[in-house]
There are 2 protein chains.
Amino acid sequence: MIKFDRVASFGMARAGLLKTAHAMIETPVFMPVGTLGTVKAITPQNLKDTGSKIILSNTYHLMLRPGDELVEKAGGLRKFMGWDGAILTDSGGFQVMSLSALRKITEDGAIFQSHIDGSKHLLSPERSVQIQHSLGSTITMVLDECIKYPSTFQEAQSAMVLSSRWAKRSLDAYKKREGHGIFAIVQGGQYKELRLESTEQLKSFDFDGYAVGGLAVGEPQDLMIEVLSYTVNALPENKPRYLMGVGKPSDIVKAVQQGIDMFDCVLPTRSGRNGQAFVTGGSLNIRNLRYKEDFSPLDELCSCYTCKNFTKSYIRHLVKSNEILGAMLLSLHNLQHYQDLMKKIRNNIINGINLDTLLYEQDDL
Amino acid sequence: MIKFDRVASFGMARAGLLKTAHAMIETPVFMPVGTLGTVKAITPQNLKDTGSKIILSNTYHLMLRPGDELVEKAGGLRKFMGWDGAILTDSGGFQVMSLSALRKITEDGAIFQSHIDGSKHLLSPERSVQIQHSLGSTITMVLDECIKYPSTFQEAQSAMVLSSRWAKRSLDAYKKREGHGIFAIVQGGQYKELRLESTEQLKSFDFDGYAVGGLAVGEPQDLMIEVLSYTVNALPENKPRYLMGVGKPSDIVKAVQQGIDMFDCVLPTRSGRNGQAFVTGGSLNIRNLRYKEDFSPLDELCSCYTCKNFTKSYIRHLVKSNEILGAMLLSLHNLQHYQDLMKKIRNNIINGINLDTLLYEQDDL
C-alpha cells in the first residue's frame with residue numbers, strides 16, 4: 001500500500017504527497033523514462049541532482065534484456081541500476097503493440113515475438129505482475145490491451161472490456177507490500193461511454209492509483225484534454241491519477257488543470273539526444289546556425305550543470321560533431337527543465353496562481 | 001615560459017612538478033585526449049574528479065570543426081569547453097598524415113583536404129602555431145612531418161631534417177607568455193643516428209620541453225623502448241620529456257623507466273566506448289558472458305564513481321544494449337585507472353621502489 005495525501009488544490013489541479021517505500025514524492029510529478037534500466041545518457045547521480053524522485057522503466061524491454069531473472073538476482077532493478085529512488089514499471093502492453101512482431105492477443109494474454117531476436121513470449125496479466133515483482137517495482141501497472149488512435153467504437157470497446165478482466169487478474173496476482181502499489185489503467189479510446197464504463201469497473205477494485213491509458217498515442221491535444229475532462233471526474237479523489245506517456249510541457253500543464261498527478265515521457269531525453277532543448281519560453285534546435293556564435297547558456301534562468309558551465313555555441317559544436325557529451329548535456333538540461341516546470345506547477349497550485357501563466361506559445365518541437 | 005622541477009629520481013625515472021599558468025602538474029603525467037574539445041563521454045567535472053590536470057586536444061580537428069576562429073571568439077578552448085585545467089595541443093601534423101586526403105608535403109607546409117568536407121587547407125609551421133595560440137593552449141607543439149613505421153632511412157632522414165626546419169619556424173612564430181610553453185619533437189624513426197642528430201639540432205633552440213615523436217604508430221614495444229633508451233639520454237635533463245600517443249599501461253611504465261615524464265593516449269576512452277576496462281592485474285572485455293551474473297564492481301580496488309556504484313553485470317547489460325551510460329561509466333573508470341597508475345608510478349619513484357612491480361602480465365586488449 002502507498003499513501004497519497006492531497007496538500008492543496010486549485011480548480012481541478014491538485015498538489016499532493018505520494019509516500020512510497022523508496023521515495024516521498026511531491027505531485028504533480030514527472031517521471032523520467034529509464035527504458036532499459038538507465039535514463040539514457042544520464043547517471044543516477046545526475047538524475048537525483050535534477051530533483052527526480054521516481055522513474056519509469058519498461059517491463060517489455062527488461063524481460064527481453066537483460067531478463068527479469070537476472071535483475072531479480074541482482075537484488076531488483078533499483079539495486080541493479082544504482083538508483084535509490086522509486087520506480088514505476090509499465091506492464092509491457094504498450095510495447096507489445098508498438099514494437100513486437102507477430103503479436104496475437106488472446107483472453108490469456110499477449111503472445112509476441114521479441115523485436116531483438118524473434119524469440120516467442122507470452123505476456124499474461126499474471127506474468128506481467130510477476131516480472132514487475134521480480135524487478136522490485138515500487139508501483140506496478142496492470143496489463144492492458146493498447147489500441148492505436150483513431151480506433152472504432154468496436155475496437156475500443158473490445159480492448160476495454162478485455163483490459164478490465166486483465167486488470168482484475170493483475171490485481172489477484174499482485175502481492176501487497178508496504179510502500180508499494182498497483183495502478184489500474186482506464187481504457188476506452190476517444191469514447192466517453194467506454195471511458196466511464198472502464199472507470200466504473202476499475203473503481204470497484206482496490207487499486208492504489210488510476211492511470212489514463214491510450215492517450216498521447218497520436219491524438220491531438222484538444223481530444224486528450226476532452227477525454228480527461230470527463231474521465232478524471234469519474235476517478236476517486238483520494239487516489240493518484242497518472243497520464244501515461246505524456247508529454248510536451250503544455251500537455252502536462254493542461255493535464256494538471258484537468259486533475260492529473262503523474263506523468264512520464266521520453267521527450268526530454270529523446271529530444272536531448274536529437275539536439276533539441278526545452279527552455280524558458282519554448283524550445284530550440286541547437287543545430288541551428290543562429291547558435292554558432294551564441295556564447296550564452298541554453299537558458300539563462302536554468303541552474304543545471306549544463307547551463308552553469310556551457311554555451312549554446314559549444315553544445316552546438318558537440319551535437320554537430322556527434323559527441324556523446326552533447327547528448328549528455330542536453331538530456332540533463334531537459335530533465336532539469338521538466339523538473340523545474342513541475343515545481344512551478346506545484347507552487348502555483350499551492351499559492352492559487354492560474355497554471356495558464358506556465359503555458360508557452362511555442363513549445364512544439 | 002613554464003617551469004619544470006625534478007622532485008625525485010629512481011634510475012632514469014623522474015618525478016617532477018610542471019608549473020603552468022593553468023595547472024600545477026605532477027609528473028609523470030597522463031593527459032586524457034579531448035580530440036574535438038571534449039574528452040569523449042566525460043564531463044569536465046568527471047575529468048577533474050579523476051585527478052586529471054592537463055588534457056591533449058587536436059589542432060587538426062579543431063581547425064576544421066568548429067574552427068579556430070570560433071574557439072578564439074569563445075575565449076579560447078579552455079573557456080569554450082568549460083575546462084579550467086591546462087591544455088596541450090598537438091600541431092596537426094600527425095592527423096594530416098593519418099586522416100586527410102590528398103596531402104602534399106612541401107617546404108612551406110602540408111597541403112591537405114579535410115576528411116569532413118574535402119575543403120583544402122595549408123598547415124604551415126606558422127599557421128599551426130597561430131591556431132594553437134588562438135586556442136589558448138598551455139603547451140604548443142611544433143609542426144612536424146610524421147612518417148609511418150616501418151620507414152626507410154631515406155624517408156626518416158628527409159622527414160627529420162624538414163621537421164627540424166619546421167621546428168625552428170614554429171619557435172620563431174611562437175609568442176612567449178608566462179606559464180605557457182612550446183615543445184619540440186624529436187624525429188628519426190627507428191634510426192639511432194637520425195634520432196641523435198634530431199635531438200642535437202632541437203637542443204640548440206630554447207624549447208620548454210621535448211617530445212619523442214613517431215613512436216607508437218605501429219612499432220613493437222621493444223623497439224619503442226630501444227629508441228627511447230638512446231634518445232632520452234641525449235635530451236636535456238632539466239626539461240620535461242613527452243612520449244606522444246603512448247600507450248598501454250605497460251608502455252607507460254616502461255617509458256617512465258626510460259626517463260619519460262608525459263603521456264597522452266586515446267586508449268582509456270576509446271576502449272571504454274568499446275566495452276573494455278583496465279583493471280588491477282590487466283584488462284577485461286565486459287561483453288564476455290562470464291560477467292553476466294557478476295555483481296562485483298569492475299575493480300574492487302578502484303574508488304571511481306563507476307566502481308562505487310555499479311556492477312560488471314549492469315555495465316555488461318548497458319554495453320550490450322548500446323546504452324550511452326555504458327560508454328560513460330567505462331570511460332570514467334578507465335581514466336581513473338590511468339590516473340591512479342600515474343600516482344603509483346610517481347610514489348614508487350619518490351619512495352625508491354622498482355616500477356616493475358606495476359607491470360601486469362596481461363594488459364593487452
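Predicted model: local features only at pLDDT ≥ 70, side-chain atom pairs only at ≥ 80, totals over all residues.
Let's start with the place where chain A and chain B touch. Here, 35 residues of chain A are in contact with 35 residues of chain B. The size of an interface is often given as the accessible area lost when the parts come together. For chain A and chain B, the area buried comes to about 3100 Å², and carbon and sulfur atoms give 65% of that. On the chain A side, A:Phe80, A:His317 and A:Glu323 lose the most area to chain B, and together they make up 18% of what that side buries.

Charged side chains get involved too: the rule finds four salt bridges across the interface of chain A and chain B. One of them joins A:Lys73 to B:Glu293, with the closest N and O atoms 2.9 Å apart.

Now for a look inside chain B, at helices H13 and H14. Their axes lie 7 Å apart, and the two helices pack at an angle of about 130°. Because of that angle, H13(B) counts as oblique to H14(B). Their crossing is left-handed.

Here is who takes part on each side:

| Helix | Residue range | Residues in the contact |
|---|---|---|
| H13(B) | residues 312-320 | B:Tyr314, B:Ile315, B:Leu318, B:Val319 |
| H14(B) | residues 324-351 | B:Leu325, B:Gly326, B:Leu329, B:Leu330 |

So what classes of residue make up the contact of H13(B) with H14(B)? Seven are nonpolar, one is polar and none are charged.

Notes: Residues numbered from 1 in each chain as written. Chains lettered and ligands numbered in written order. Heavy atoms only, no water. Axes fitted to C-alpha atoms, helices over the stretch in contact; angles between N-to-C directions. Helix = DSSP H or I, 4+ residues; strand = E, 2+ residues; numbered from the N terminus. Parallel < 35°, antiparallel > 145°, perpendicular 65-115°, else oblique. Left-handed = near helix turned anticlockwise from the far one by under 90°. Contact = heavy atoms within 4.5 Å. Nonpolar A, V, L, I, M, F, W, Y, C, P; charged D, E, K, R; others polar. Buried area = accessible area lost by both parts, 1.4 Å probe.
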